[in-house]
Amino acid sequence: YQRRVHGTLSECLFFFASIIWRRAAFLIKRMDASKPASATAAPAEGVHVNKKVEKKLKAEAKALSPTEEYYQSRLSNVNRLGIERAYPNKFPTTMQLPQFVEKYGATLLEKGQRSEDIVAVAGRVMSIRKSGSKLYFADLRGDGAKIQILSQFQAYENPDSFKEDHDQVHRGDIVGVRGHPSLSNNGELSITPLQIQLLSTCFHMLPKDFQGFSDQETRYRQRYLDLIINPETRQTFYARAKIVSGIRKFLDARGFLEVETPMMNMIPGGAAAKPFKTHHNELNMPLFMRIAPELYLKELVVGGLDRVYEIGRQFRNEGMDLTHNPEFTTCEFYMAYADYNDLMAMTEELLSEMVKDITGSYKIRYTTEKGDVEVDFTPPFRRVSMLEELERKIGRKLPENLEGDDVAPFLVKTCADLGVECPPPHTTARLLDRLVGEFVECDCINPTFIIDHPKIMSPLAKWHRDNPANLTERFELFVLTKEVCNAYTELNSPQVQKERFMQQMEAKKQGDDEAQDIDEGFVTALEYGLPPTGGWGLGVDRLTMFLTNKNSIREVLLFPAMKPREQKQEPPPSASAEKPVKKAGGATKAAESLDASLFDIRVGRIVKVGPHPNADSLYVESIDVGEPEPRQIVSGLVKFLSLEQMQDAMCLVMCNLKPAPLRDVVSHGMVLCTSNADKTAVTLVSPPASAAPGDRVSFPGLTGEAAAEIPRKKLDKLLPDFHSNAEMVATWRGLPLTVPAGVCVSTMPNSKIS
């Protein structure tokens, strides 16, 4: 018995040793093949070898990074195969992977069972496992489904090409497989190949499945890679498509006609928003990308198309944040002989049915910064009157006539008393909107209709039948404090409509870029008669966010708007640029700016902070610096500041440093701190209390522009000159760090800032 045990152990050890030996031989062979010929070839007899050159060549050969080496290896394989073999024109498939799973997942029930059917499928190889030279396993994915490739030498149609065919395939490659459906001995649905053909080569190493692919910026810029690695991303966009098709099905069933209206307009109308501007070369005239299709759709109702709708893109030249993107998708419909009460009933029916169809319940869970929140879409939805609710919340009576000259000053004082900031221009509409957002919208977690808006906020809505002097028949639907729908009984009097347009023009003269222009063509259309009509609009992107539990609009857009990647570039010379430097031979080197204006330092708020996963001495912070997404920054403040002190703290962030990994976590900037001489105490540099995240630091007298990325040499030269002075003001060479709200300070006088 002992001899049998010892013999079995010896066989196992020999088996594993042979595998290791073969793997080592393969790697050595591949490394030799990847080296340049000049680095590996023996010198010809009688030829003098320059030892320095030989050493340099060997160093260059070793200098290839793993990704470069992998790319070159894959490229050499494509070159060896030839372009026609490496990229065949067609592989005839007989079914897609979801069909394969549906059909054979139900019929192959016994482990080791193999069907007599011969099928052909294709997909991307996501992992490869070998068991000797005659048995290969691989995971094949396509169309959201996964099966296993169980490749056996004895079952292969052409055994002579078995090794070559499989050696060509790497993780990430797209392959076609023809073979028998089967069930492995472990019960995994598989295909046993008769033939494997490489269809397209992946030249880059994919992120590991178990590590995930979580870097947000890379996911948004390379959405194809996100879809390859993260199956949940695919489900998000399937849900989005289901929402769009659900809206279309709902409206089609009620006799609506889907139409298309122009994307470029001579007048940006239909909503209060700042447009994108373009130019038509042939007509030699400026045009505006549409901000809403409303006016065109109402003209169609004038023409007799009583129920029309459009699902399409809108473009607004405004800010980007977690819930706003410059281009976004809406659905707008217009229904003759309906009013805003009819539209509220339709909204409740549409959204409640859609939520239940997609999620299986009227109630959904949504993750916020404060934790999970339950949102109940069970109809009927809550309704609140805008002005009545606002008066109740602020404890003040609003003026009866909101169009009087005394209303704006009253609202400015109200905002000041209640601590609500409203940037100019201080028009009545903007001030009311800011107050409603601060005191009414904040309570709208479950679906809530805010109804009966003032006329001054609704230039296209019809007067309210119960209060025609001040109110309109309009509603907005809010969910989780965000607007989802906007609708109203349409204004169909051409005279009143023109008066409203004139009021908007007055607001524009006061500096309101979002006020609407006069559209004479639309007024003329109204003069032909618009029937009593209800108009309705819904933001598809925001609804998708709620139903897929996403906190950023970029998660539900396949290709969201992104800033261009920062490139290293020298800033233009400034007033404080250094003098020209003489080169050897008398040539003069161009002067370059070398002062603190090169830094992109911004006010930040720490929205989230936690321990570093790999280092007890480091924090990982998410800091709002006025960008669409918070920045991830790693800092070594654990010994000096507690998590409670860091959370929600205001700080200064140096934003144009090269992103760098700190213990495997990438840091996208640096938090400015002051420290005493022996570095036993460290505190954050603080902006003024009224500063806002994203406010940029300037230096009085310095006019240079911030560099896209600060080179390390310049950072080392400039950083030591940051200090706090005797008055605890943060300075660079005596110049105070200044933001629009004032100067930045430290709690430590005469201390170093780093």
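**Figure 1. Serine 751 in the predicted model.** Serine 751 counts as buried because its relative accessibility is 6%, where the cut-off for buried is under 20%. The model shown here and in the other views is predicted. Serine 751 belongs to strand β35, which covers residues 751-753. When neighbours within four places in sequence are left aside, serine 751 is in contact with Thr674, Ser675, His723 and Ser724. Asparagine 725 is 26 residues away from serine 751 in sequence, and the C-alpha to C-alpha distance between serine 751 and asparagine 725 is 7.2 Å.

**Figure 2. Asparagine 750, in the loop between β34 and β35.** Strand β34 spans residues 742-743. The phi of asparagine 750 is near 50°, a positive value in a residue other than glycine. Most residues other than glycine have a negative phi. Asparagine 750 is exposed, with a relative accessible area of 58%, whereas serine 751 is buried at 6% relative accessibility.

**Figure 3. Tyrosine 337, in the loop between β11 and α12.** Tyrosine 337 has a positive phi of about 65°, although it is not a glycine. Its relative accessible area is 60%, so tyrosine 337 is exposed; the cut-off for exposed is over 50%.

**Figure 4. Lysine 298 of helix α11.** Helix α11 is formed by residues 294-302. Lysine 298 counts as buried because its relative accessibility is 0%. Apart from neighbours within four places in sequence, the residues in contact with lysine 298 are Tyr334, Leu460, Glu490, Phe522 and Leu530. One of these, Phe522, also takes part in the contact between α16 and α17, shown in the next view.

**Figure 5. Packing of helices α16 and α17.** Helix α16 consists of residues 494-509 and helix α17 of residues 520-527. Their axes come within 9 Å and cross at roughly 160°. This angle makes α16 roughly antiparallel to α17, since angles over 145 degrees are counted that way. The crossing of α16 and α17 is right-handed. From α16, the contact involves Pro494, Gln497, Lys498 and Phe501; from α17, Glu520, Phe522, Val523, Leu526 and Glu527. By class, the residues of this contact are 5 nonpolar, 1 polar and 3 charged.

**Figure 6. Packing of helices α14 and α15.** Helix α14 runs over residues 407-418 and helix α15 over residues 428-439. The angle between them is about 30°, and their axes are 9 Å apart. The angle makes α14 roughly parallel to α15, as angles under 35 degrees are counted that way. The crossing of α14 and α15 is left-handed. Val407, Ala408, Leu411, Val412, Thr414, Cys415 and Leu418 of α14 make the contact with Thr428, Leu431, Leu432, Leu435 and Phe439 of α15. The contact of α14 with α15 has 10 nonpolar and 2 polar residues, and no charged ones.

Figure 7. Most peptide bonds are trans. Proline 380 is in the loop between strands β13 (371-376) and β14 (382-385). Proline 425 is located in the loop between α14 and α15, the helix pair of the previous view.

**Figure 8. Buried and exposed sides of helix α6.** Helix α6 comprises residues 97-107, and its buried residues are Leu97, Phe100 and Tyr104. They lie on the same side of α6, because the arc they cover around the axis is only 55°. Glu102 and Ala106 are exposed on the other side of α6. The cover over the buried residues of α6 includes strands β1 (119-130), β2 (135-142), β3 (145-152), β4 (174-183) and β5 (189-200).

**Figure 9. The whole protein, for orientation.** The protein has 20 helices and 35 strands. Of its 754 residues, 44% are buried. Among contacts between residues at least 6 apart in sequence, 65% join residues at least 24 apart.

Technical notes: Residues are numbered from 1 along each chain as its sequence is written. This is a predicted model: local features need pLDDT of at least 70, side-chain atom pairs count only at pLDDT 80 or more; totals for chains, interfaces and linings use all residues. Side-chain values use heavy atoms; hydrogens and water are left out. Axes are lines fitted to C-alpha atoms, for helices over the stretch in contact, and angles run from 0 to 180 degrees between N-to-C directions. Helices (H or I, at least four residues) and strands (E, at least two) are DSSP runs, numbered from the N terminus. Angles under 35 degrees count as roughly parallel, over 145 as roughly antiparallel, 65 to 115 as roughly perpendicular and the rest as oblique. A crossing is left-handed if the near helix is turned anticlockwise from the far one by less than a right angle, and right-handed if clockwise. Contact means heavy atoms within 4.5 Å. Ala, Val, Leu, Ile, Met, Phe, Trp, Tyr, Cys and Pro count as nonpolar, Asp, Glu, Lys and Arg as charged, and the others, Gly among them, as polar. Buried means under 20% relative accessible area, exposed over 50%, partly exposed in between (1.4 Å probe, protein chains only). The arc is that of the directions from the helix axis to the C-beta atoms.
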